[in-house]
Amino acid sequence: MSASTSILILLSSALCVGKGASRALSAPTRVRLTSYNMDLVLRWDAPEDSSGLSYETQYNTTQSKYRGGCVKSSALTCDLTSLHGSITVYGMYTGRVRALRGSESSDWVESQQITMDRNTVIGPPFVSLISNGASIEASIKDPVFRISDLRAVYNYATYNITYWKKGQQEKARSIENLQQNRVVLHMLEPWTHYCVQVQIHTKQNPSPSEPSSSVCESTADEEESPWVAAVVTFVVMAMVVAMVVVAVVYRKRLSNFLCPQDSLQQYLKEYLMEPPTSSIFLDMRTSPPQEEVFHPVSIVTDSRAEEEQHPPEAGEANCAGRAEHTEKGTR
Ligand SMILES: *[C@@H]1O[C@H](CO)[C@@H](O)[C@H](O)[C@H]1NC(C)=O
């Protein structure tokens, strides 16, 4: 009985001594483990008497013992994101910190535990607007994570897009559960300023992202809508297609029309190489050149000769005939 009592007294006095020794330094306060866009940072406030203090930090996961973070740093934060290899996006972490001065040290003060994908604060997305006639197209860029990226961590991330006429935010409209990072806001009034703000919602993380900064853009006239451009484009395309079809179908005729030399030459060649069929031409080619036969003829008008029924011959012929006559007569 007395032995156990003395052991108890010894133990409690030892505990008291231990406590007393570590109480020599007051510990940091408000120790919290934070995560923003998948980083992991331990933060704390300095104790009252903080002159000459430095701090030692450690962190653990559910699977491992405490391991070293920042050592002998006077800063009031310690970035644990990439100290020992890498933290994981679904990991659960706890941090702790103690103050140091010379050989003295304060008690360790533990932070709350955080689960990265549930508790990280998702930063604001980045939104840009393009005015297109009476509609506005919004493009959304996810915040950049320190480890992994938003779409890899949160498969079911959606956007909540809120838009309003400038100066009338109380009448804002919202498009919720949007998965695409581009959206066209229709049914807007022409020549009006609209402002857009976007938040990201996930299934794992109970808090939506920080809202994007609101960006504003003015719509233009409805007439300037992309319909005109679309129709013009369509007509031009249709014409081009029609021309191509015609060109393909009438390819031969077209090429005959456009570059006729080839076929014309061929046609001429064929025509010229053909054996001649005209008989006159053939005769002309085969017969020797003919002598031109001619008789000089003089015409003498004589009424008596006409009566004799013997047309008078030409003068010389007459003479020749008379000569013949005389020759016969002399024989
Ligand atoms: C989307 O944002 C609007 C404006 O902030 C808010 O009123 C609405 O509740 C949000 N929707 C969801 C699903 O959180």
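1. Ground rules before you start clicking around. Residues are numbered from 1 along each chain as its sequence is written, and side-chain values use heavy atoms, with hydrogens and water left out. As the model is predicted, local features need pLDDT of at least 70 and side-chain atom pairs count only at pLDDT 80 or more, while totals for chains, interfaces and linings use all residues.

2. Start with the ligand. Its shell is made up of N160, T162, S174, E176 and H201; a residue is near a molecule if one of its heavy atoms lies within 4 Å of it. By type, that shell has no nonpolar, four polar and one charged residue. (Ala, Val, Leu, Ile, Met, Phe, Trp, Tyr, Cys and Pro count as nonpolar, Asp, Glu, Lys and Arg as charged, and the others, Gly among them, as polar.) Strand 12 (158-165) and strand 13 (173-178) each bring at least two residues to the shell. Strands here are DSSP runs of E, at least two residues long, and helices are runs of H or I with at least four, both numbered from the N terminus.

3. Now the polar contacts, meaning pairs of N or O atoms within 3.5 Å. A ligand nitrogen sits 2.8 Å from a side-chain N or O atom of E176. A ligand oxygen is 3.4 Å from a side-chain N or O atom of T162, and a polar side-chain atom of H201 is 3.4 Å from a ligand oxygen. On its own the ligand exposes 360 Å², and the protein buries 48% of that; the areas are Shrake-Rupley values with a 1.4 Å probe.

4. Next, an open sheet of three strands, ordered 1-2-5 and paired antiparallel. Two strands pair if DSSP finds at least two bridges between them. From one strand to the next, the twist averages 10°, with angles running from 0 to 180 degrees between N-to-C directions of axes fitted to C-alpha atoms. Strand 2 (residues 41-45) pairs with strand 5 over three bridges, and V41 faces D79 of strand 5.

5. D79 turns up again in a salt bridge with R146, where the closest N and O atoms are 3.2 Å apart. What does this pair tie together? R146 is in the loop between strand 11 (135-141) and helix 3 (150-153) while D79 is in strand 5, so the link joins parts 67 residues apart in sequence. The structure holds eight salt bridges, each defined as a side-chain nitrogen of Lys or Arg within 4 Å of a carboxyl oxygen of Asp or Glu.

6. Last, another open sheet of three strands, antiparallel, in the order 10-11-14. Strand 10 and strand 14 (182-185) are its edge strands, each pairing on one side only. Neighbouring strands are turned by 20° against each other on average, direction ignored. Strand 10 (residues 126-132) and strand 11 share seven bridges, with S128 opposite S139. Their hairpin has two residues between the strands, and G133 there takes a positive phi near 65°. Strand 11 is joined to strand 14 by four bridges, with E137 partnering V184.

Notes: A polar contact is a pair of N or O atoms within 3.5 Å; within protein, one must be able to donate a hydrogen and the other to accept it, and residues adjacent in sequence count only if both atoms are side-chain atoms.
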